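Here is a walk through one protein model, written for someone who would rather look at the fold than at a table. Keep the viewer open as you read.

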Amino acid sequence: MSLRLSTVILPVDRWHEGGRAKWQRAEELGFHTAYTYDHLSWRTFRDGPWFGALPTLTAAATATDRLRLGTLVTSPNFRHPVTLAKELISLDDISGGRVTLGIGAGGNGFDATALGQEPWTPKERADRFGEFVPLLDRLLTEGAVSQKGDFYTAEEARNIPGCVQRPRLPFVVAATGPRGLRMAARYGQAWVTTGDPKLYEEGTPEQSVEALRGQVEKLGKACAESGRDVAELDKILLTGFTPDRGRPLESVDAFVDFAGRHQELGFTEIAIHWPIAGSDFAADHAVFERIVTEGLKQLG
């Protein structure tokens, strides 16, 4: 399978002051998918502009025609399956069936406390995720759903006419642990990882490749245990969080080398961040565009 290249456009621009133009340019450049983060705020961007993911994607859907759109990633931190399902079905309709939902268990960032709750422990996040995803799956595939869970309840929740994409829009499941990988194997159309966070500060690119190799192998085992062929799942690497950091975007050759090494591991899609000056995602925009237009051709 040929490698696909996607981008992540952080929702930091007013729509009429550069926001729309980025999404339209992403389509013009030929990206497979343009994702955005689904957070209330995020890391060093907390005290600056940050817009909502689903309204941004809705606007992007009306400003583009071919580009797939998605989240990397949505989590239970401030979402409920019932309301999320309604919004996703609406977005899928508006986009003409171009939406992908990246979904994960969430973390300890600002989202974890913005609604006034204490941050959940890793076990609590995994428990909630284990209930969130199956219920969301039902809500997106069935016309009426009632279910009472430990964390989430649906009472005669209606989602007619359902998704444009059948049986529902695809899930990209973010996971590295055993429970999350089982969720990816059962419910995912794709799996996404950022690598091993323990290697980000002091690890080497070679160590990162081996860690990712191990994650891919664990995904394969989870799929085998679920009776599923791991080849059915796309495997996405969200870049910027491995020891390489921004180096793959320094030149076309650097990107081709980076992408080729990860394609050999079985990754089918690479997602790179749209450059933002003065941030961890700063990059030369002319080089960024050359990577999109020239880099993939060299990989074949």
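## Overall build

First off, this is a predicted model. The protein chain is built from eight helices and ten strands. Its C-alpha trace spans about 55 × 45 × 40 Å along the principal axes.

How does the radius of gyration fit a compact globule? A compact globule of 300 residues would come out near 19 Å, and the protein chain has 19 Å, so the two agree.

## A hairpin

Now find strand 5 (residues 144–148) and strand 6 (residues 153–158). They pair in the antiparallel sense, over four bridges. The two form a hairpin, with four residues between them. Gln-147 stands opposite Ala-154 in strand 6.

## Helices lying on strands

## Helices meeting helices

Two helix pairs deserve a look. In one of them, the axes of helix 3 (residues 81–95) and helix 4 (residues 122–141) come within 9 Å and cross at roughly 45°. That angle makes helix 3 oblique to helix 4, and the crossing is right-handed. What does helix 3 bring to the contact with helix 4? The helix 3 side consists of Pro-81, Val-82, Leu-84, Ala-85, Leu-88 and Ile-89, which meet Phe-132, Leu-135, Leu-136, Leu-139 and Leu-140 of helix 4. By class that is eleven nonpolar residues, with no polar and no charged ones.

In the other pair, helix 5 (residues 178–187) and helix 6 (residues 205–225) have axes that come within 8 Å and cross at roughly 60°. Helix 5 is therefore oblique to helix 6, and this crossing is right-handed. Leu-181, Arg-182, Ala-184 and Ala-185 of helix 5 make the contact with Lys-218, Leu-219, Ala-222 and Cys-223 of helix 6. Here the count is six nonpolar, no polar and two charged residues.

Most peptide bonds are trans, and most residues other than glycine have a negative phi. Where does this model do something else? A cis peptide bond joins Leu-72 and Val-73, with omega at about -10°; Val-73 lies in strand 3. Another cis bond joins Arg-166 and Pro-167, with omega at about 5°, and Pro-167 sits in the loop between strand 6 and strand 7.

Then there is Arg-43, which has a positive phi of about 45° although it is not a glycine. You will find Arg-43 in the loop between strand 2 and helix 2.

Key
Residues numbered from 1 in each chain as written. Predicted model: local features only at pLDDT ≥ 70, side-chain atom pairs only at ≥ 80, totals over all residues. Heavy atoms only, no water. Axes fitted to C-alpha atoms, helices over the stretch in contact; angles between N-to-C directions. Parallel < 35°, antiparallel > 145°, perpendicular 65-115°, else oblique. Left-handed = near helix turned anticlockwise from the far one by under 90°. Contact = heavy atoms within 4.5 Å. Nonpolar A, V, L, I, M, F, W, Y, C, P; charged D, E, K, R; others polar. Rg over C-alpha atoms; globule rule 2.2 N^0.38 Å. Pairing = 2+ DSSP bridges.
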